Amino acid sequence: GAAVALALGLSRGPAGSPAPAAPPLSAVASPSADVPEYRLLLPDPRVRVVADRSAEVRVLSSAEVELRAGTLRVSVDASAGPVPFRVRTPSARVEVAGTRFGVRHDAAGTSVAVLEGRVRVADSGGERLLEAGTEQAAAGRAGPLGDAWRADLVQALGAPRPRIPEECRLAAADSVPPPPGPSPPPPPAVAPVPAEPPPATPDVSAGPPARENHPPPSPEDLYAQAETAMAAGRLEEAVALLERVADLERGRPLGGTALIDLGARYQRLGRGAEARATYRRYLEEQPAGAFRGEARISLCRLERRAGDPAATRACYAAYLEEEPSGPYAAEARAGAGEEAVAAP
């Protein structure tokens with residue numbers, strides 16, 4: 001699918017209202033160079049929302065989130081077909097059907113930056129398409145995509161284009177034929193030489209000759225390969241790579257991220273039991289993990305689909321115990337039997 005990253009910003013407030021007073025420049029500048037703390041939301045197995053820890057964001061449905069303040073980035077996997085998804089802010093609406101993008105909203109409004117592809121933006125001034133390599137600031141000025149936004153989006157969502165593994169580059173280089181040219185002259189004739197005595201029989205007790213050892217791929221390299229496989233829709237290949245990363249990075253942040261991705265891939269493949277086991281493993285191995293809420297809510301939904309009411313209620317209750325005001329609190333209260341609100 002196309003890979004797009006966007007961050008959206010319009011100076012207007014809600015339709016009919018004047019634009020709010022702009023805060024100091026430092027408050028509306030491109031994202032800070034400091035490394036932010038992220039949290040992951042999974043409205044749908046094919047949608048990943050990476051939000052700043054401080055962002056005010058609420059999941060409205062599997063196809064829509066609401067951002068009231070802060071920054072979020074979205075990756076929509078359209079390898080199996082379009083996946084409509086929408087982000088609402090108080091002053092704008094952003095719609096995609098399979099791309100990567102990010103949205104930022106603050107007192108000045110909503111700002112947008114497109115890394116690849118295009119996105120549709122609607123606000124009180126109408127609708128427009130934003131193309132790759134451009135951004136629109138909160139003041140309404142459009143221009144080339146800035147380095148700060150580009151770095152922020154690539155850091156949160158990964159490189160916009162799949163990285164070619166080293167072994168593929170080497171294989172491609174080896175397969176290039178030599179340049180055309182005149183045929184070399186035949187070798188000069190040489191006089192026959194006396195036969196040499198046969199070589200000595202090798203000592204088999206010493207074992208086979210030593211082979212050149214290549215270092216195994218790092219967990220980061222394996223995860224990059226898994227991302228490439230996921231983007232191309234090669235789910236079985238992605239699963240095998242993510243399983244290796246999760247085992248190699250057990251208890252570490254990268255291992256936790258791999259487990260979240262692995263659970264979503266199992267769901268896409270219809271392997272519900274393995275998905276449930278994977279989310280349970282995340283909760284066990286990541287007691288302070290950044291994605292515990294997402295792992296728990298995904299597990300609760302799978303328990304519900306599996307037809308286990310007791311496990312479903314217990315799961316939703318555990319979510320509320322950890323995140324009573326989390327983005328899935330309304331769904332969890334309904335699932336735990338506290339109120340009759342339909343879960344997405």
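The torsion about the S-S bond of Cys300 and Cys315 is about -90 degrees, so this disulfide is left-handed. The model is a predicted one, and the sulfur atoms of Cys300 and Cys315 sit 2.1 Å apart in it. A search of the whole structure turns up 1 disulfide. As a reminder, a disulfide is a covalent bond between the sulfur atoms of two cysteines.

Are the two cysteines buried or exposed? Cys300 has 0% relative accessibility and therefore counts as buried. Cys315 is buried too, with a relative accessible area of 8%.

Stay with α9 for a moment. Helix α9 has 14 residues, and the distance from its first C-alpha to its last is 20 Å, close to the 20 Å expected at 1.5 Å a residue. Its buried residues are Thr312, Cys315, Tyr316, Ala318, Tyr319 and Leu320. These buried residues pack against α8 and against α10, residues 329–335.

Tyr319 also comes up in the ring search. The structure holds 1 aromatic pair. The rings of Tyr319 and Tyr328 have their centres 6.2 Å apart and their planes at 75 degrees; the cut-off for edge-to-face is over 60 degrees, so the pair is edge-to-face. Both tyrosines are buried.

Next, α7, residues 272–285. Its 14 residues should span 20 Å at 1.5 Å a residue, and its end C-alpha atoms are 20 Å apart, which agrees.

Now the nonpolar packing. In soluble globular proteins, nonpolar side chains tend to be buried together. Here the largest nonpolar core has 65 residues, and those with the most contacts inside it are Leu72, Val74, Phe85, Val87 and Phe101. Helix α6, residues 253–268, contributes the most to this core, with 7 residues. The core takes at least three residues from each of domain 1, 38–157, and domain 2, 219–336. Another core, of 5 residues, lies apart from it and includes Ala113, Leu115, Leu145 and Leu153.

Arg48 is in strand β2, residues 47–52. Is Arg48 buried or exposed? At 19% relative accessibility Arg48 counts as buried, because the cut-off is under 20%. Leaving aside neighbours within four places in sequence, Arg48 is in contact with residues including Leu40, Leu41, Leu42, Arg73, Val74 and Ser75. Its contacts also include Tyr223, Thr257 and Asp261.

Glu37 is in the loop between α1, residues 25–28, and β1, residues 38–44. Glu37 has 58% relative accessibility and so counts as exposed. With neighbours within four places in sequence set aside, Glu37 is in contact with Ala51, Asp52 and Arg53.

Key:
Residues are numbered from 1 along each chain as its sequence is written. This is a predicted model: local features need pLDDT of at least 70, side-chain atom pairs count only at pLDDT 80 or more; totals for chains, interfaces and linings use all residues. Side-chain values use heavy atoms; hydrogens and water are left out. A disulfide is a pair of cysteine sulfur atoms within 2.5 Å. Buried means under 20% relative accessible area, exposed over 50%, partly exposed in between (1.4 Å probe, protein chains only). Helices (H or I, at least four residues) and strands (E, at least two) are DSSP runs, numbered from the N terminus. The expected span of a helix is 1.5 Å times one less than its number of residues. Contact means heavy atoms within 4.5 Å. A nonpolar core is a set of buried Ala, Val, Leu, Ile, Met, Phe, Trp, Tyr and Cys residues joined through side-chain atoms within 4.5 Å. Domain bounds come from an automatic or database domain assignment. Rings of Phe, Tyr and Trp (its six-membered ring) pair if their centres lie within 6.5 Å; planes under 30 degrees apart count as stacked, over 60 as edge-to-face and the rest as tilted.
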